[in-house]
Amino acid sequence: MDNYINDQLLSVLACPTCKSSLSFSVGTLRCKSCNKTYPIKDKIIDFLDQEKLNEVKSVNSEYHDKEADYYDELHLHMAKENKLFKKIIKDIEISGKNILDIGTGTGFIIDNFRKEVQFVCLDISSQMLQRTMIKHPGQILLALRGDAEQIPITSNSMDIIFISSTLHHLPHWEKCLNEVYRILKPEGWFILFHEPYLKQIHNHLYIRIQRLYDKTYGVVIQRREAFRGRKGKKIARVIFGLNEKKSFQKMQRFNQVTNVHNGFIPINLVSPDYYKNITVKTYYAQQTIYHRLMSLFFPTSGELFYIKAIKKAI
């Protein structure tokens, strides 16, 4: 058996189709029930059949493969949320726990933990998984290329499940959340982070303050967006190899396909029938004094949200 896939790790894996247990042979995992095989290459177990992916998932896989080496540079704003994320998880016991990170990307979640904390990582992009293994050597117990709506993990096997900036990419996000509930142990933690909030603001005071802020700092905001746009165009040209305009247009088309949902109403995502100690909060990626005050006085005004909950022992 490969030196990193021991019996203990194999016991948490399951066929994504029939959820049966798997056996190991050199370079391959095989389902004991339906006999499907899943290749292992460069320490990544591939549970996806590329030809059977729908258009959205296929484009997600293709584009994030292309973007992997440049993702952190394109999404520098994610690093601004590390302080908030660490505050959210500070009361969660990590040591000795089975931890699953769904939609790992280049490892935003893993960035926030000490080096001895290890993860089972799932992503639709093999290049993203390669990137996070390079960034976080020794912290990846298993790297799984798979579908977040059909997760190759056994039921009731994970103590903690993280999802960050992934749900809005999924055509059928409810399937992913059903899988989370299946996989999570009773009394286990579920943390959903950095998802777009579907605002329903009708407060006239909020609207007036927002307009005043935009008017006062509009030039600064425009400069910031222009800088991000220039950086995006340069990276797009490297990725696609066309002239800057055509490359950026192609990047935008990819993003239009991969960003399936504009936002969510978070209270609809976790049910008190199945979870307890539920915390739902909106926030801003920017953490200026203005944004902190807006979050304080208008707690449902944020552009993003997070959910923290414990699976009930039923």
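**View A. Phe108, a buried aromatic residue.** Phe108 is buried, with a relative accessible area of 10%. The model shown here, as in every view, is predicted. Phe85 also counts as buried, at 0% relative accessibility.

**View B. Aromatic pairs across the fold.** The whole structure holds 18 aromatic pairs. In one of them, the ring centres of Phe85 and Phe108 lie 5.8 Å apart with planes at 65°, so the pair is edge-to-face. Phe85 belongs to helix 4 (residues 82-89), while Phe108 sits in the loop between strand 5 (99-102) and strand 6 (119-123). The pair therefore ties together parts 23 residues apart in sequence. Phe193 and Tyr306 form a tilted pair, 6.4 Å centre to centre with 35° between the planes. Phe193 comes from strand 9 (residues 184-196) and Tyr306 from strand 11 (residues 304-311), so this pair ties together parts 113 residues apart in sequence. Both Phe193 and Tyr306 are buried.

**View C. One aromatic cluster.** Phe85, Phe108, Phe193 and Tyr306 are among the members of one aromatic cluster.

**View D. Lysines over aromatic rings.** Lys233 places its charged end over the ring of Phe248, 5.6 Å from the ring centre. Lys311 lies over the face of Tyr181, at 4.4 Å from the ring centre.

View E. Ile289 lies in helix 9 (residues 289-297). With 63% relative accessibility, Ile289 counts as exposed.

Notes:
Residues are numbered from 1 along each chain as its sequence is written. This is a predicted model: local features need pLDDT of at least 70, side-chain atom pairs count only at pLDDT 80 or more; totals for chains, interfaces and linings use all residues. Side-chain values use heavy atoms; hydrogens and water are left out. Helices (H or I, at least four residues) and strands (E, at least two) are DSSP runs, numbered from the N terminus. Buried means under 20% relative accessible area, exposed over 50%, partly exposed in between (1.4 Å probe, protein chains only). Rings of Phe, Tyr and Trp (its six-membered ring) pair if their centres lie within 6.5 Å; planes under 30 degrees apart count as stacked, over 60 as edge-to-face and the rest as tilted. A charge sits over a ring if NZ of Lys or CZ of Arg is within 6 Å of the ring centre and within 35 degrees of the ring normal.
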